Amino acid sequence: MAKQKTSAEFLAHQSGKPWEQAEKGILRQILGYDASLMMVKVKFETGAVSASHTHPHTQTSYVASGRFKVEIAGEVKTLDEGDAFYVPPGVPHGATCLESGMLIDSFSPCREDFL
């Protein structure tokens with residue numbers, strides 16, 4: 001049986017995780033993953049846009065800080081700190097940051113394209 005790809009540690013300090021440029025004004029930090037689940041912290045500057053896109057993963061996102069205009073399958077809502085959203089696989093979605101902030105994204109299965 002092949003060994004599953006997984007993050008190196010069970011307990012991770014954010015200071016030891018690198019940030020990478022995702023899009024203009026958007027940085028992401030992979031916090032942990034295995035083949036079935038991935039958690040990613042995403043930092044947005046005010047005005048940054050995560051263009052509408054789709055992927056085969058289930059996604060949930062928690063607004064840790066800031067304010068975002070989120071569009072999922074044509075429905076648009078403004079979300080603030082403490083709010084969350086769910087995206088089924090294959091559904092178009094995107095976000096515009098209205099006030100600088102951070103999302104905590106979870107994906108199932110793991111986003112191999114982020115590794």
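Reader: In which sense do β5 and β7 pair, parallel or antiparallel, and over how many bridges?

Author: This is a predicted model. Strands β5 and β7 (residues 84-87) pair in the antiparallel sense, over four bridges. Q59 has V87 in β7 as its bridge partner.

Reader: How many bridges join β5 to β8?

Author: Strand β5 covers residues 58-72, and β8 covers residues 93-108. They run antiparallel, joined by 13 bridges. T58 partners S108 in β8.

Reader: How many residues lie between β5 and β6 in their hairpin?

Author: Two residues lie between them. A73 sits in that turn, with a positive phi of about 50 degrees. Six bridges join β5 to β6 (residues 75-80), again in an antiparallel run. V70 stands opposite K77 in β6.

Reader: How should I picture side chains along a strand?

Author: In a regular strand, side chains alternate between the two faces of the sheet.

Reader: Now the charges. How many salt bridges does the structure hold?

Author: Four. One of them pairs R67 with D80, at 2.8 Å from N to O. That pair links distant parts of the chain: R67 is in β5 and D80 in β6, 13 residues apart.

Reader: Is R67 buried or partly exposed?

Author: Partly exposed, at 31% relative accessibility. D80 is also partly exposed, at 31%.

Reader: Which residue forms a salt bridge with E20?

Author: R28, with the closest N and O atoms 2.8 Å apart. The buried cut-off is under 20%. R28, at 16%, therefore counts as buried. E20 is partly exposed at 30%.

Reader: And what about D113?

Author: D113 meets R111 in a salt bridge, 2.6 Å from N to O. D113 is exposed at 52% relative accessible area, whereas R111 is buried at 8%.

Terms used
Residues are numbered from 1 along each chain as its sequence is written. This is a predicted model: local features need pLDDT of at least 70, side-chain atom pairs count only at pLDDT 80 or more; totals for chains, interfaces and linings use all residues. Side-chain values use heavy atoms; hydrogens and water are left out. Two strands pair if DSSP finds at least two bridges between them. A salt bridge is a side-chain nitrogen of Lys or Arg within 4 Å of a carboxyl oxygen of Asp or Glu. Buried means under 20% relative accessible area, exposed over 50%, partly exposed in between (1.4 Å probe, protein chains only).
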